[in-house]
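Visitor: I would like to go through this chain with you. Could we begin with the strands and then move on to the side chains?
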Amino acid sequence: MSAYTKSMQELIECFKKMPGIGAKTAERMAFHVLKASSEDMIKFSSVIRKVKEDVRFCKICGNLSEAETCSICNDSRRDKTIICVVEEPTDLILIEKSGRYKGVYHVLFGVISPLDGIGPEELRIKELLSRIKQDKVKEIILAMDSNAEGETTALYLSENIQPLKVKISRIAYGIPVGGNLDYIDQATLIRALEGRLPVSNRHCS
């Protein structure tokens with residue numbers, strides 16, 4: 001039998017569902033909510049509700065947006081002929097923080113992972129190929145994590161993009177094998193973007 005009240009136990013269980021939150025951390029977060037002022041918690045709940053109601057994914061690139069298209073896709077100063085392909089919106093945000101990339105993006109919302117039942121059809125690959133054809137794209141930068149799933153996805157994409165006669169480069173320099181973009185510092189990420197390498201045919205054989 002739990003020593004917590006029903007509502008506190010429910011709150012703890014809700015926090016435990018969040019990624020990276022264990023039982024102890026969930027308990028501390030629940031007690032923080034209990035001790036915080038009513039004004040702070042009302043604002044907190046209002047912000048959560050607003051995010052759920054207003055934030056969506058850009059219909060073009062998949063970035064976070066509060067309109068049909070995001071601020072990056074709407075920015076006339078961005079080079080629409082260069083598309084950086086990332087796994088998740090969080091990767092896009094990380095690259096944007098570097099302040100060096102001036103092209104646009106395409107979010108796949110995952111990577112090819114047969115063990116998890118995720119194939120090419122579950123990702124936004126058809127949309128990417130359509131953009132390449134319609135927008136006269138000159139270069140595709142593959143910025144997936146350098147793990148097995150990321151490499152498999154990059155290989156699949158390069159095989160399908162090459163017939164379109166578009167330059168394909170892979171973000172590689174400075175990114176360790178098995179590394180995730182979430183844990184890469186900005187200086188390393190800038191070097192990786194600037195030192196991207198072309199994807200040769202031998203990588204796709």
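Guide: This is a predicted model.

Visitor: How does the chain cross from E3 to E4?
Guide: The path leads from E3 through helix H4, residues 89-98, to E4, and this β-α-β crossover is right-handed.

Visitor: And how many bridges join those two strands?
Guide: Five bridges join E3, residues 79-86, to E4, residues 103-107, and the two strands run parallel.

Visitor: In which sense do E3 and E5 pair?
Guide: E3 and E5, the latter covering residues 139-142, pair in the parallel sense over four bridges. Within this pairing, Val85 stands opposite Leu142 in E5.

Visitor: Stepping back, how many helices and strands does the chain have?
Guide: The chain has seven helices and seven strands. Read from the N terminus, the order is α-α-α-β-β-β-α-β-α-β-α-β-α-β.

Visitor: What share of the residues counts as buried?
Guide: Of the 205 residues, 39% count as buried. The chain exposes about 12600 Å², and carbon and sulfur atoms supply 56% of that area.

Visitor: Let us change topic to charges. How many salt bridges are there?
Guide: The count comes to six salt bridges. One of them joins the side chains of Asp54 and Lys50, at 2.8 Å from N to O.

Visitor: Why are those two separated by about one helical turn?
Guide: Asp54 and Lys50 are separated by about one helical turn because they are four residues apart in helix H3, residues 38-54. Asp54 is partly exposed, with a relative accessible area of 25%, and Lys50 also counts as partly exposed, at 48%.

Visitor: Which side chain meets Arg78 in a salt bridge?
Guide: The side chain of Glu96 does, with 2.7 Å from N to O. This pair links distant parts of the chain: Arg78 is in the loop between E2 and E3, and Glu96 is in helix H4, 18 residues apart.

Visitor: Is Arg78 buried or exposed?
Guide: Arg78 is buried, as its relative accessible area is 12% and the cut-off for buried is under 20%.

Visitor: Please give me another one of the six.
Guide: Arg170 and Glu151 meet through their side chains in a salt bridge of 3.0 Å, N to O. This pair also links distant parts of the chain, with Arg170 in strand E6, residues 167-170, and Glu151 in helix H6, residues 148-161, 19 residues apart.

Visitor: What is the accessibility of each partner there?
Guide: Arg170 counts as buried, at 10% relative accessibility, whereas Glu151 is partly exposed, at 39%.

Visitor: Finally, which residues make the nonpolar surface patch?
Guide: Val47, Val51, Val55, Phe57, Leu64 and Ile93 make a nonpolar surface patch of about 470 Å².

Visitor: Where is Leu64 found?
Guide: Leu64 is found in strand E2, residues 64-65. Leu64 is partly exposed, with a relative accessible area of 40%; a residue needs over 30% to be part of a patch, so Leu64 passes that cut-off.

Methods. Residues numbered from 1 in each chain as written. Predicted model: local features only at pLDDT ≥ 70, side-chain atom pairs only at ≥ 80, totals over all residues. Heavy atoms only, no water. Pairing = 2+ DSSP bridges. Right-handed = clockwise from strand over helix to strand, strands pointing away. Patch = residues over 30% accessible without salt bridge, like charges linked within 9 Å, V, L, I, M, F, W, Y side chains within 5 Å. Areas by Shrake-Rupley, 256 points an atom, 1.4 Å probe, with all protein chains shown as cover. Salt bridge = Lys/Arg side-chain N within 4 Å of Asp/Glu carboxyl O. Buried < 20%, exposed > 50% of the residue type's maximum accessible area, 1.4 Å probe, protein only.
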